[in-house]
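Here's a quick briefing to read with the model open beside you.

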Amino acid sequence: MDNARKHDRNHTRFTMNDVPVTCFRIDESGYTGFDLLNADQRFQGASAVAIDDGEAARLIKAHFPRLQAPELKYRALSRRPSNHPRLLGLMKDLLSDFDSVTYVADKRFMLTLMFVEYAVEPYYYERGFDLYENGQNYAMASMLHMAGPALLGKTELAALMDTFQQAMKDKSPKSLQQLVEAARATNWGKIPEVLGPLAQYADRDCLSAIATPGVSTDIALVVLISLITRMEVMAEGAYRVEHDQSKNLSAYHDILQRYINHDKEVEFRATEITSLRFPLKLEAVKQVESKSSPAVQLADVMIGAAIEAGNTLTGLRSGGLGPEDLMPLYREDQFIHMLPSIDFEEQRRFRSGSQNSQAIDYLAANIFGKER
């Protein structure tokens, strides 16, 4: 069989029996499993870029002709200010000439969002209110994240989030009782619509959702869904994914394989510009050694730059690429972020008609074998 490889500048395409197959290389950063309160890694994310190893090697050589290291690593390069113009030039070429998407999430906000989804939403769901439909869950989590310290008490809210994370992990009666007590220890009466289900009622539907076997605060699933919705749009036909052999990416690998194996036809609207449709055009996922894949190394550069920009903007780090130089390089459809927003009307418009609730139920029951 002749599997002649064909490439153009905007896609990595391989032909199999004359059918083009795009290949996205992905890498992640900031993964800490269930621990979203990790003090050293505030942000988590991943990047996907459609570029082949030959073109990637050419770009690396063009921007770093004197590179002696066995592989390109963003963190090592960004420590030296003399490398910053080269890194920005490399990012400009990648973002201008190749299909890509980068997703970054504030993990503490993601934990707050999960609190709303598990410790609040089931209470309203059982009473006929869909908190997902117009993004009310996102607005509620944003309000809790941003105004919660002043309304509930900074120390008390921090304790609540820590206890919630632990309850999601342990799922024991003791940890669930400690969560209820932590909610009652806050000034919950300031926002009873958020904390009332736990603090006032110790709602059994919420506690049951938290205790459901298999559900956790690991956001690898959320990160991958965001990448997939964009890769599905960027790829004209079938595509595949290659990623590093790191331990962290093993979680991503398993989720992607489960998605590939799901062949039932179903579609869910997420926002005004994104949806999730099965079966996916994604047909294969493969682990590769990053040292032998310049393309995977460039995915590392992309997510490394984005995570560093987040750390710089929040004052957690300094000395890396300036966000004011990096962020204008992205088109709107190349960067996805999960950060709190107080523009509630804009979020309502953007998430109006969302089917996230149905999607969560479907994924849990049909792909991961769990009932919400």
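Predicted model: local features only at pLDDT ≥ 70, side-chain atom pairs only at ≥ 80, totals over all residues.

Residues are numbered from 1 along each chain as its sequence is written, and side-chain values use heavy atoms, with hydrogens and water left out. Helices (H or I, at least four residues) and strands (E, at least two) are DSSP runs, numbered from the N terminus.

**Helix packing**

- Helix H6 (residues 136-152) packs on helix H9 (residues 192-199) at an angle of about 80°, and their axes are 11 Å apart (axes are lines fitted to C-alpha atoms, for helices over the stretch in contact, and angles run from 0 to 180 degrees between N-to-C directions).
- That makes H6 roughly perpendicular to H9 (65 to 115 degrees).
- On the H6 side you'll find Met140, Met143, Leu144 and Leu152, which meet Glu193, Val194 and Leu195 of H9; contact here means heavy atoms within 4.5 Å.
- Sorted by class, this H6 and H9 contact has six nonpolar residues, one charged and no polar (Ala, Val, Leu, Ile, Met, Phe, Trp, Tyr, Cys and Pro count as nonpolar, Asp, Glu, Lys and Arg as charged, and the others, Gly among them, as polar).

**The cavity**

- Searching the whole structure turns up one cavity of 30 Å³ or more; a cavity is a set of points on a 1 Å grid over the protein atoms alone where a 1.4 Å probe fits but cannot get out, and lining residues have an atom within 4 Å of a point.
- The largest cavity holds about 40 Å³ of space, a volume being the space filled by probe spheres set on the points, with grid points joined across faces, edges and corners.
- Its lining includes Asp27, Glu71, Lys73, Asp244 and Asp300, and by class the lining has five charged, two polar and two nonpolar residues.
- Helix H13 (residues 294-313) gives the largest share of that lining, three residues.

- Most residues other than glycine have a negative phi, and most peptide bonds are trans.
- Phe278 and Pro279 are joined by a cis peptide bond, with omega about 0°; Pro279 sits in the loop between strand E8 (275-278) and strand E9 (282-288).
- Lys171 has a positive phi, near 60°, and is in the loop between helix H7 (154-170) and helix H8 (173-184).
- Ala202 also has a positive phi, near 45°, in the loop between H9 and helix H10 (204-211).
- Ala202 is partly exposed, at 25% relative accessible area (buried is under 20%, exposed over 50%, partly exposed in between, with a 1.4 Å probe and protein chains only).

Key:
Parallel < 35°, antiparallel > 145°, perpendicular 65-115°, else oblique. 1 Å grid on protein atoms, 1.4 Å probe; cavity = no way out; pocket = protein on both sides within 12 Å on 5 of 7 lines; lining within 4 Å.
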